[in-house]
Amino acid sequence: MKYLMLIYGNQEKWASVPADQWPEAIARQDAFNRKYRETGELIGAYGLADEIQARLIRRENGLPAVTDGPYLETKEYIASFYLLDCESEERAHQIAADMPFADVDPVEIWPILHEAKPDL
Amino acid sequence: MTTNRGDVEGLLRVLAPQVLTALVRRNGQFHLCEDATQEALLAAAQQWPSGGLPDNPRGWLITVASRRLTDQVRSEQSRRAREEQAAVATPPSELLGPPADAEHAERDDSLALLFGCCHPDLSSPSQIALTLRAVGGLSTAQIAAAFGVPEATMAQRISRAKQTIAGAGFDFSLPSGAERTERLRAVLHVLYLVFNEGYTASEGDTLTVPALSQEAIRLTRWLHRLLPDDGEVAGLLALMLLTDARRPARTRPDGSLVPLAEQDRSRWDQAKIAEGVALVTRALPSGEVGPYQLQAAIAAVHDEATTMADTDWPQILGLYDLLELAAPNPFTALNRAVAVAMVRGPAAGLEIIAALEADKRMARHHRLIAARAYLRELAGDTAAAAADYLDAARRATSLPERRYLALQASRLAPSG
């Protein structure tokens with residue numbers, strides 16, 4: 001079963017982490033990623049750019065029309081997402097609880113209901 | 001001379017576990033032998049369709065795999081310290097003639113290989129992946145495609161599984177007594193999961209995305225040939241055939257689900273039904289009756305009914321009573337509740353479901369809520385049934401199920 005795992009944050013929160021603690025935090029996250037890639041349960045781990053780099057796209061007259069935004073009303077937004085494929089929901093919860101910051105901030109787990117077929 | 005690609009593929013799948021067991025038997029080192037076997041299968045898949053089959057395909061594969069293994073061990077050695085001893089180097093000629101007691105030994109080796117792939121230290125996704133590769137002869141790319149994960153992810157899963165097997169000290173000794181029963185149960189569960197994975201997914205292109213339920217039937221058939229007297233192996237094979245027989249009627253061309261009650265039974269595969277019925281009829285009286293035989297017997301009663309109304313529900317209920325004794329499980333209890341409703345009326349079924357709701361996880365499960373919706377509709381409580389269908393749709397774990405349940409909700413919703 002596949003799951004989307006999400007962590008949230010914002011600039012203010014990340015700026016509050018002292019610079020000398022970043023290398024260790026990154027190393028812990030890298031170790032987490034390596035661990036679950038090796039078990040064959042982590043399909044991908046992706047970090048997102050800052051919200052000011054996000055854009056809203058519409059199609060107008062067949063062409064992309066790009067505007068700034070989204071203007072988020074939430075205080076925190078998606079910082080990174082992980083694609084898991086594991087045995088059960090319990091296992092997905094276990095992996096989420098193993099995330100380096102899961103003792104500080106919650107990690108969201110969303111079951112994936114449907115996946116477009118790659119061969120269609 | 002050229003040979004059909006599909007025929008070559010089929011032959012390679014049959015030979016894969018034989019080649020692997022021959023290699024491991026002689027050299028140990030399961031993980032290296034598995035890689036070497038895969039390389040030999042790949043070489044054959046490339047060469048045989050255009051060049052024709054060799055006179056002794058099995059011997060050809062063992063020879064090629066042995067050479068690859070020797071190469072691997074040599075390069076491994078040059079990488080490691082020089083003092084490590086050569087473990088391998090059986091002359092390929094030695095591998096061509098099967099030993100005198102070949103048939104018996106081969107049967108036990110094949111079983112040991114299957115038991116090893118379903119080792120209890122492995123998670124079920126790993127057991128499945130390793131079984132499909134080492135016993136089923138599928139490539140990592142094919143298994144990855146079948147499960148919709150990148151090849152690299154599947155390769156990691158298989159590699160980790162092989163390390164675990166190697167760590168547990170893979171050998172060809174078969175467990176006996178209670179442990180054997182336990183391990184065989186794990187093997188049957190893996191084959192059952194492979195079948196279900198293929199049954200719930202739609203069929204893909206057989207060469208790139210293998211039809212998993214066909215593969216599960218093929219492997220279970222093979223296991224049944226190895227263990228013809230095991231009632232549960234026969235029961236599982238029967239269950240797969242009797243379930244797969246309904247496949248042509250189970251989905252509409254747009255992929256939406258057709259429930260059992262609405263299926264066009266003339267489209268059921270009668271050859272599969274006959275084979276499944278024969279298997280379960282032979283297995284049931286001949287020993288201890290296990291859960292797969294009982295589930296197959298239930299499937300057989302459904303398959304033999306020409307309409308939903310003709311279904312012998314009292315017999316199905318009797319079989320569910322036995323199944324609940326043999327393998328108590330909340331989903332069996334849920335299915336039994338539906339059978340009770342069909343025999344004694346919806347109120348009796350709803351009473352059982354109400355008792356199952358004491359378990360919080362069951363109370364929120366879409367299958368319980370969907371069954372309750374069905375029985376509430378039968379009981380004439382349309383509003384409650386519609387609300388249940390909607391709730392079940394929100395909790396469904398696959399898109400076709402969600403669509404089906406949402407459709408039922410809108411069918412019952414008051415119009416306007």
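## Polar contacts and salt bridges between the chains

Across the interface of chain B and chain A, the rule picks out 6 residue pairs in polar contact, both partners at pLDDT 80 or more. A polar contact here is a pair of N or O atoms within 3.5 Å; within protein, one must be able to donate a hydrogen and the other to accept it, and residues adjacent in sequence count only if both atoms are side-chain atoms. This is a predicted model, where local features need pLDDT of at least 70, side-chain atom pairs count only at pLDDT 80 or more, and totals for chains, interfaces and linings use all residues. Side-chain values use heavy atoms, with hydrogens and water left out, residues are numbered from 1 along each chain as its sequence is written, and chains are lettered from A and ligands numbered from 1 in the order in which they are written.

The same interface has 3 salt bridges (a side-chain nitrogen of Lys or Arg within 4 Å of a carboxyl oxygen of Asp or Glu). One salt bridge joins Asp85(A) to Arg157(B), with 2.9 Å between the closest N and O atoms.

## What chain B brings

On chain B, helix 5 (124–135), helix 7 (151–167) and helix 20 (399–412) each put at least two residues into the side that touches chain A. Helix 7 of chain B gives the largest share, 4 residues. Helices (H or I, at least four residues) and strands (E, at least two) are DSSP runs, numbered from the N terminus.

In total, 20 residues of chain B are in contact (heavy atoms within 4.5 Å) with 16 residues of chain A. The two chains bury about 1,400 Å² between them, 49% of it on carbon and sulfur atoms; that is the accessible area (1.4 Å probe) that two parts lose on being put together, summed over both.

## Aromatic pairs

A search of the whole structure turns up 6 aromatic pairs over all chains. Rings of Phe, Tyr and Trp (its six-membered ring) pair if their centres lie within 6.5 Å; planes under 30 degrees apart count as stacked, over 60 as edge-to-face and the rest as tilted. Trp14(A) and Tyr77(A) sit 6.1 Å apart, centre to centre, with planes at 85 degrees, so they're edge-to-face. Trp14(A) is in helix 1 (residues 11–15) of chain A and Tyr77(A) in strand 5 (residues 77–85) of chain A, so the pair ties together parts 63 residues apart in sequence.

Over in chain B, Tyr192(B) and Tyr292(B) make a tilted pair, at 5.7 Å and 50 degrees.
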